[in-house]
Amino acid sequence: MLRSLFAGISGLRAHQTMMDITGNNIANVNTSGFKSSALVFEDALSQSIRTAAAAGANTAAQNPAQVGLGVKAAGTSVNFTQGNSQLTNRTEDMLIQGEGFFVIDNAGTQAYTRAGSMASDSAGRITSADGGLVQGWMANNGVIDQTQPTTALTIDSAKYASYSLSPDGTLVGVLASDGTQQNIGRIAVAKFSNVTGLEKIGGTLYRATANSGNAQINAPGSNGMGVLVSGALEMSNVDLAQELTNLIIAQRGFQANSKVISTSDELLQDLMNLKR
């Protein structure tokens, strides 16, 4: 069979994957904290027709001659640049201005997210949009000890009339009894030595992998962490103009590889019709 047939098939598969990724990016154009992805193409194996040879006494040097066998999807790259900010004026909404992820207890598993649309459950615990528990350090009589392990942040609605969020992640509550202010706790943020090594697990959540390195957890604004902004959300960083362009590129690539297959089929048909 013609090598071009298999090369064309590999091109169809790779451009279909590109379409899948582009479609997912466009679908999440309004997803808070979403980071767009792009497909990385890589050529497949090449078949050698002639090997390289050094120059001899009476012969010239010879370059290798190879025929490529198609393309493959080598992987995906995630764009972790900051998305646009959107003001909501909602106290529970927060964004990280700079590097870092919110630390979430996702049903017993530690996960990380850039989506800052938070809420509270019946126990007063701060939760992510899908019910994960936001992690940080609780204050003891107004004193925050960051040497302790992180835990679920809880705001006692009976004790505090209201609360606010500082850029360093400190939750400051107003005591219902006398109106004085007291530290409730501090939100933790995490960063990684290789952020592109994180694995998406759905719900705009990520988990650490062997290639991302362990989470380095600190308070916002310290050790290279970004600061928190209350009453705003980080929106998706999907560039819609770029994604629509990628749709055209993927479509034309798919069409071109389809043409390779149909042309190869015509060549085979001519071969089958040869007569002596």
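Counting Lys and Arg as positive and Asp and Glu as negative, with His and the chain ends left out, the chain carries 17 positive and 20 negative side chains. The centres of these two sets lie 12 Å apart, each charge being placed at NZ of Lys, CZ of Arg, CG of Asp or CD of Glu. Keep in mind that this is a predicted model, in which local features need pLDDT of at least 70, side-chain atom pairs count only at pLDDT 80 or more, and totals for chains, interfaces and linings use all residues. Residues are numbered from 1 along each chain as its sequence is written, and side-chain values use heavy atoms, without hydrogens and water.

Now for the overall build. The chain holds two helices and 22 strands (DSSP runs numbered from the N terminus: H or I of at least four residues for helices, E of at least two for strands). Its radius of gyration is 27 Å, well over the 19 Å from the globule rule for 276 residues, so the chain is more spread out than a compact globule. That radius is taken over C-alpha atoms, and the rule is 2.2 Å times the number of residues to the power 0.38. Along the principal axes, the C-alpha trace spans about 105 × 45 × 30 Å.

Let's step inside. Buried residues (under 20% relative accessible area, with a 1.4 Å probe and protein chains only) make up 34% of the 276.

Methods
Buried means under 20% relative accessible area, exposed over 50%, partly exposed in between (1.4 Å probe, protein chains only).
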